[in-house]
Amino acid sequence: MKMYLAYAALVAAFGASAYDNPLEVNVESGESSLEASRLAGHDAIVKTGGGTLVLPSIPEFAGDIAIREGVVKVASEGALGTADGKTIVAPGAQLYIDAAAADLDFSAEPMEIASLDGSVAVYVNNKGDAQK
């Protein structure tokens with residue numbers, strides 16, 4: 001899994017016209033799962049709201065996953081789509097990778113972690129021990 005600071009990617013992902021047809025998912029509170037069938041025709045997933053969005057296995061999805069607010073949780077192989085799409089985490093948002101839930105390998109997934117103030121968090125739960 002590649003992780004690096006990417007201010008330009010943050011600006012591009014969260015600009016007004018960043019994507020042609022994004023699926024915007026607002027989870028205000030609690031936890032909600034996304035149905036993979038909702039992705040048809042969309043070029044990105046844009047997560048808003050303070051709650052947690054759980055992504056299913058979407059190994060054919062080639063778009064970006066942009067986390068503006070709250071938490072996106074992945075616990076299955078292919079949950080971040082193909083390596084063609086980026087995973088972009090905004091300041092104050094979180095990506096939670098629950099590797100303990102299954103034998104997961106995210107080594108091919110490019111991740112761009114952008115932070116203007118050091119407030120981005122990526123958590124990896126590997127065999128029950130969450131690491132930041």
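This is a predicted model: local features need pLDDT of at least 70, side-chain atom pairs count only at pLDDT 80 or more; totals for chains, interfaces and linings use all residues.
# Chatting through the strands and core

Me: Which residue in E5 is the bridge partner of Ser32?

Reply: The bridge partner of Ser32 in E5 is Leu53. Helices (H or I, at least four residues) and strands (E, at least two) are DSSP runs, numbered from the N terminus.

Me: Ok, how many helices and strands are in the chain?

Reply: The chain has 1 helix and 12 strands. Starting at the N terminus, the order is β-α-β-β-β-β-β-β-β-β-β-β-β.

Me: Back to E5. Which strands is E5 joined to by bridges?

Reply: Strand E3 (residues 31-33) is joined to E5 by 3 bridges, and the two run parallel. E5 is also joined to strand E7 (residues 71-74), by 4 bridges, again in parallel. Two strands count as paired if DSSP finds at least two bridges between them. Leu53 has a bridge partner in E7 too, namely Val72.

Me: Are the faces of E5 covered or uncovered?

Reply: Both are covered: Thr52 and Val54 are buried on one side, Leu53 and Leu55 on the other. Buried means under 20% relative accessible area, exposed means over 50%, and partly exposed is in between (1.4 Å probe, protein chains only).

Me: What about the faces of E2?

Reply: E2 has Leu23 and Val25 on a covered face, with Pro22, Glu24 and Asn26 on an uncovered one. E2 pairs with E4 in the parallel sense over 5 bridges, and Val25 stands opposite Lys47 there.

Me: Is Lys47 buried or exposed?

Reply: Lys47, in strand E4 (residues 44-48), is buried and has no salt bridge. The nearest side chain of opposite charge, Glu69, is 6.4 Å away. Lys and Arg count as positive and Asp and Glu as negative here; His and the chain ends are not counted. A salt bridge is a side-chain nitrogen of Lys or Arg within 4 Å of a carboxyl oxygen of Asp or Glu.

Me: How buried are Lys86 and Asp64?

Reply: Lys86 is partly exposed because its relative accessible area is 28%, while Asp64, at 11%, is buried.

Me: New topic: which residues touch the most other members in the largest nonpolar core?

Reply: Leu34, Ile45, Leu53 and Leu55 do, in a core of 20 residues. E2, E5, strand E6 (64-67), E7 and strand E9 (94-97) each supply at least two residues of this core. A nonpolar core is a set of buried Ala, Val, Leu, Ile, Met, Phe, Trp, Tyr and Cys residues joined through side-chain atoms within 4.5 Å. Another core lies apart from it, with 5 residues, including Tyr19, Ala44, Val46 and Ile88.

Me: And how much of the chain is buried?

Reply: Of its 132 residues, 45% count as buried.

Terms used:
Residues are numbered from 1 along each chain as its sequence is written. Side-chain values use heavy atoms; hydrogens and water are left out.
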